[in-house]
Amino acid sequence: MGAIEFDGVAKRYGPVHAVRDLTMRVPEGEFLTILGPSGSGKTTILSLVAGLVPPTGGRILIAGRDVTNLEPQQRRIGLVFQSYALFPHLDVFRNVAFPLAVRGRPRSEIADKVAAALARVRLDGFARRKPQQLSGGQQQRVALARAFVFEPDILLLDEPLGALDRKLREEVQVELKALQRDLGITTLLVTHDQEEALSLSDRIIVLDHGAMQQVGTPDEVYRRPANRFVAGFLGLANLLEGRVEAGRGLRLPTGELVACATQGLAEGSPATAVVRPERVRLLPETAGEGIAARVRQDVYLGHLRRWHLDSDAGPELIAAAADGVGQAAIGDRVRVAWAPEDVWLLPEEARGAAA
Ligand SMILES: Nc1ncnc2c1ncn2[C@@H]1O[C@H](COP(=O)(O)OP(=O)(O)OP(=O)(O)O)[C@@H](O)[C@H]1O
Ligand SMILES: [Mg+2]
């Protein structure tokens, strides 16, 4: 078991900064998800922890030990990559036994540990099958069993559920979370699925172009994003620009006041209000509060309905509610409102590297 410390870690490939000056601590037993768009450096961070590539700057410590110059096999790390790459000629038992066999463990121990690992991923009875005789989700669970069977200090998972359909993915997510909690293994999971990140993680780090934009609990990064990039990457966000009226809220250029806590921002300073669509209420046109708007589009999502609105305050606004809760048809004139505590203000300097 071990905490991971990144101390100014950087990785450059020629002119490309794959990872920039990463400093953070992942406490022992934490489930940390690395979230970011394609090319943002997610896989590179896992490869650096695993020792598959050397950093061009900084140090990595595992359980307090500097591993920066250690070979991968000296690091006690279990790995699952997106293409789960089981050995096709070996049956499930021998696939899972592999990390124990290369470590020269005795046969009886191997038999016990493989059986326990297969039970853990609910694949007892599959030991003699070959990978091609398994479904995608079953193969993925074999890959997971192979990654933790030798009791590694750290589990690195690079989009391990990427190949699964939504239903299976949600099932394996639940299993993965339970497994990680029971084993207490420090885990880094890479995904670009924001729901997966929000539902599985103790904390999330959001990357853009190799730079950490924010690290925090799912609730923090969702409700209190550090900048526009994070706000836009974790779901839809309404962004309203204006000027701070200290202690009152944000004054929009069209004159409306968005009431909210002003978080110590200076009077008159430019800022952006972030409001999540599910916090936006649709009111009748005659309501005495809120911002006037007109429904442009109505999107049915099964569990949710979403409205895209042209607002008098300038930008497009988005509202969402459980289907049946709110009602509005295309062309309706409405007013939109939200509670002051559902507004998060971003100062001008947190505009970020453009969403
Ligand atoms: N071996 C390499 N040589 C040169 N450049 C590389 C190499 N590996 C990665 N890169 C570059 O480093 C950056 C980060 O790549 P990385 O694979 O970490 O992204 P990622 O966040 O995992 O993306 P994806 O979601 O597409 O898997 C990219 O610009 C990529 O092109
Ligand atoms: Mg990747």
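1. A polar contact is taken here as a pair of N or O atoms within 3.5 Å. The model is predicted, and in it an oxygen atom of ligand 1 lies 2.5 Å from an N or O atom in the side chain of Thr44. The side chain of Thr43 likewise places an N or O atom 2.8 Å from an oxygen atom of ligand 1, while for Ser40 a backbone N or O atom is 3.2 Å from an oxygen atom of the ligand.

2. Of the 630 Å² of accessible area that ligand 1 has on its own, the protein covers 58%. Strand S2 (16–26) and helix H1 (42–50) are the elements that contribute two or more residues to the shell around the ligand, and H1 gives the most, with 3 residues.

3. The residues around ligand 1 include Tyr13, Val16, Ala18, Pro37 and Lys42; by class, the shell comprises 4 nonpolar, 6 polar and 1 charged residues.

4. The largest nonpolar core has 31 residues, of which Val96, Val114, Val142, Phe148 and Leu157 touch the most other members. Among the elements that each supply at least two residues of this core are helix H2 (92–102), helix H3 (107–120) and strand S7 (154–158), whereas the largest share, 6 residues, comes from H4.

5. Which residues does Phe148 contact, leaving aside its neighbours within four places in sequence? They are Ala117, Arg120, Val121, Leu155, Leu179, Leu183 and Ile185.

How values were computed:
Residues numbered from 1 in each chain as written. Chains lettered and ligands numbered in written order. Predicted model: local features only at pLDDT ≥ 70, side-chain atom pairs only at ≥ 80, totals over all residues. Heavy atoms only, no water. Near = heavy atom within 4 Å. Polar contact = N/O pair within 3.5 Å; in protein donor to acceptor, adjacent residues only side chain to side chain. Areas by Shrake-Rupley, 256 points an atom, 1.4 Å probe, with all protein chains shown as cover. Helix = DSSP H or I, 4+ residues; strand = E, 2+ residues; numbered from the N terminus. Nonpolar A, V, L, I, M, F, W, Y, C, P; charged D, E, K, R; others polar. Core = buried A, V, L, I, M, F, W, Y, C linked by side-chain atoms within 4.5 Å. Buried < 20%, exposed > 50% of the residue type's maximum accessible area, 1.4 Å probe, protein only. Contact = heavy atoms within 4.5 Å.
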